[in-house]
Amino acid sequence: RGNQVSVSIERVRDESPAAADLLNFLAHVGPDAFPKEVLFAGAESLPEPLAATVRDPLSLDDAIALLRRYSLLDVADDAFSVHRLLQAIVRDALDAKSAEIWAAAAVEVVNDAVPSGILTDLNTWPMYSRLLPHGLAAAEHAERLEAAQESTGRLLNQIGLYLKVRADLSQARAVLERALGAYETALGAEHPHVATTVNNLGSVLRALGDLPGARAHYERALRIFETAYGADHPNVATLVNNLGRVLHALGDLPGARAHLERAL
């Protein structure tokens, strides 16, 4: 079966490099129901010739038809699905440079589609729900290849926040720890983006009842923000407030009062 699939992939590559590239892209996201609209919106983040094909509906339809003719792609409800085994075969056939390019492209496209405002806008939840398996898959491939680590950090941070507000705290913690690692790899340990993720991780630890862990994370984030922004920046105030709340929960009422007064 694997040999038959490989032959089909080679035939597709000979007939349409863009169709082969669509398969390369889909091999780096989740296997089921990748939204076509997300591919359209992320065209700027795709390599050529796939980017040009995605911008041209007729060319994209031709590429999709070719893949369907060889039974390499299913399309339903304006979404693409590819068998997990096929994804693995496609990834295994890529050289190191190509693998890095497609892992980065997948992260960038999903990252472009992930909305901000997850903590304040419930209207973002349906898109997060659709993109969750694709974001986790794309990030996993990017982490493995150390590709697009800054974008991977942002993507995982947003997914972690979504999981937190959905009260999936254990998975939120694991995803935010991955986000932190990606950001540290890309930006170093003292970057404000690192501090933001450390703060988010502290909030998850507090929700899980790990108050000492939350305190340590808030204190680390606060040090980074104070260095980056100075002592009186609003971002610093947010961290001081968070630290005051966890000190209150720990029973350190004078410490909590001092921090909350400073934040105010």
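A: Glu177 and Arg173 are 4 residues apart in helix 10 (residues 169-187), so about one helical turn separates them. Helices here are DSSP runs of H or I with at least four residues, numbered from the N terminus. The two side chains form a salt bridge, with 3.2 Å between the closest N and O atoms. A salt bridge means that a side-chain nitrogen of Lys or Arg lies within 4 Å of a carboxyl oxygen of Asp or Glu. Side chains of opposite charge can pair when their charged atoms come close.

The model is predicted: local features need pLDDT of at least 70, side-chain atom pairs count only at pLDDT 80 or more, and totals for chains, interfaces and linings use all residues. Residues are numbered from 1 along each chain as its sequence is written, and side-chain values use heavy atoms, with hydrogens and water left out.

Glu177 has a relative accessible area of 39% and is partly exposed. Arg173, at 34%, is partly exposed as well. On this scale buried means under 20% relative accessible area, exposed means over 50%, and partly exposed is in between (1.4 Å probe, protein chains only).

Helix 14 (residues 253-263) holds another such pair: Arg257 and Glu261 are 4 residues apart, which places about one helical turn between them. Their salt bridge has its closest N and O atoms 2.9 Å apart. Arg257 counts as exposed, at 58% relative accessibility, while Glu261 is partly exposed at 48%.

Arg130 is partly exposed, with 35% relative accessible area. Glu37 is also partly exposed, at 45%. The salt bridges counted by this rule come to 12.

Apart from neighbours within four places in sequence, Asn24 is in contact with Val90, Leu94 and Trp102, where contact means heavy atoms within 4.5 Å.

Definitions and conventions
Helix = DSSP H or I, 4+ residues; strand = E, 2+ residues; numbered from the N terminus.
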